[in-house]
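This report looks at charged side-chain contacts. Keep the sequence and the 3D view at hand.

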Amino acid sequence: MSAEGKIYHSIIELIGNTPLLQIHNIDTGKARVLVKIESFNPLSSIKDRAGFAMIEDAERRGILKEGSVIIEPTSGNTGIALAYIGHVKGYKVIIVMPETMSEERKKLMKALGAELVLTPGNLGMKGSIEKAVELSKQYPSSFIPQQFENPANAEYHYKTTGPEIWKDTNGTVDYVVAGVGTGGTICGISKYIKEQKPSFKAVAVEPFESAIISGEKPGPHLIQGIGANFIPKLYDPSVIDEVMKIKGRVAGETARLLVAKEGVFAGISSGANLAAALELAKRPENEGKTIVAILPDTGDRYLSTWVYNEHLRNGSLKEDQLNYSGTEGDESSFPISYFMGFAEFLTNIMPIMPNKPSLRASSEILIQILNDNFIHKKLSLINGKSYRLFCP
């Protein structure tokens, strides 16, 4: 009789218990740097945890039941998580996002079973939030998770992510480093580990260019997933020991270094977290310490962005023109990938536009959207050319 290994009965059972990997091929000084690879979750991001937590919590409280509808204004990993988990559990899921989001994200949401509602691009996430509220009135049994203020988000990290790190390091963890999107990850982890080890320290990461937690003014930045340009309700400064500011370019360079040296393909916020961990590791007082950096998601969601696109990095766009964050209600900021489709479209039609009035009119509309959202006057395209964002 053959022995049988563990068999899972739902993809939801695969959420969590992600691996810790020690960094060996990047200089970590005399400290031990580990990375927690959250792309090992079913849909490749740490937001699988938050999505599951918020749905399960709503079910326990009787908010979600048979026939309920989940509605969320989001364009990032949280929407992906809610789409597949909600669908598996039998709920109708409506994801509301600006029409300017990438085609890949739109198709992914639909593939995962969600109904997609698009809002005018020039209204940004604010328009999507307003539409979500409007839709919720049409569905009496609807549920809007509100990840930035839903305590189930942080609580799940307290119950799972923190204990996983504690167990896998045999209690030797001295630091955990994580970026602040909703604040749920770093605060939930920190609360748990501090209860086990009072000397433990939690380090929050935010964009250098938009260091609002550090008391500075919000602004454009490059790091998708963190730095929403407001301090989320879930962020608890009482469990945070230090806030580190990481420049966008440094985050991108570190993400590329990670895949080149360690073979770990991760996103831009992962690069920010690792950059902060490496900086900590080189401090003399941290010799022999164990530092864990959270890697929130996979790099394949950033292939069309400047992080992994050499042409964009070498183009004429300045750093603060590539990404404008501050879109309330979504963890994904405003990445360059959102307007790459427009850039490619303009590249194709610009040469023939003088003799094509209809195309010219369409371009003027697209250009207006770009101007409204990004407030800059030049767009560096893939082929190296640079066009003004106003029709002559």
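Which residue forms a salt bridge with R61? The partner is D57, and the closest N and O atoms are 2.9 Å apart. Salt bridges that share partners also join K36, E38, R49 and E164 into one network.

## Model and total

The model is predicted. A search of the whole structure gives 14 salt bridges. A few of them are described here.

## D57 and its partners

D57 forms a salt bridge with R61. D57 also forms one with R60, where the closest N and O atoms are 3.8 Å apart. That distance counts because the cut-off for a salt bridge is within 4 Å.

R60 and D57 both sit in helix α1. They are 3 residues apart, so about one helical turn separates them.

What is the relative accessible area of each residue in this pair? For R60 the value is 59%. R60 is therefore exposed, the threshold being over 50%. For D57 the value is 16%. D57 is therefore buried, as buried means under 20%.

## E38 and R49

E38 forms a salt bridge with R49. The closest N and O atoms are 2.7 Å apart.

Are E38 and R49 buried or exposed? E38 is buried, and R49 is buried too. Both belong to the network that also includes K36 and E164.

Definitions and conventions
Residues are numbered from 1 along each chain as its sequence is written. This is a predicted model: local features need pLDDT of at least 70, side-chain atom pairs count only at pLDDT 80 or more; totals for chains, interfaces and linings use all residues. Side-chain values use heavy atoms; hydrogens and water are left out. A salt bridge is a side-chain nitrogen of Lys or Arg within 4 Å of a carboxyl oxygen of Asp or Glu. Buried means under 20% relative accessible area, exposed over 50%, partly exposed in between (1.4 Å probe, protein chains only). Helices (H or I, at least four residues) and strands (E, at least two) are DSSP runs, numbered from the N terminus.
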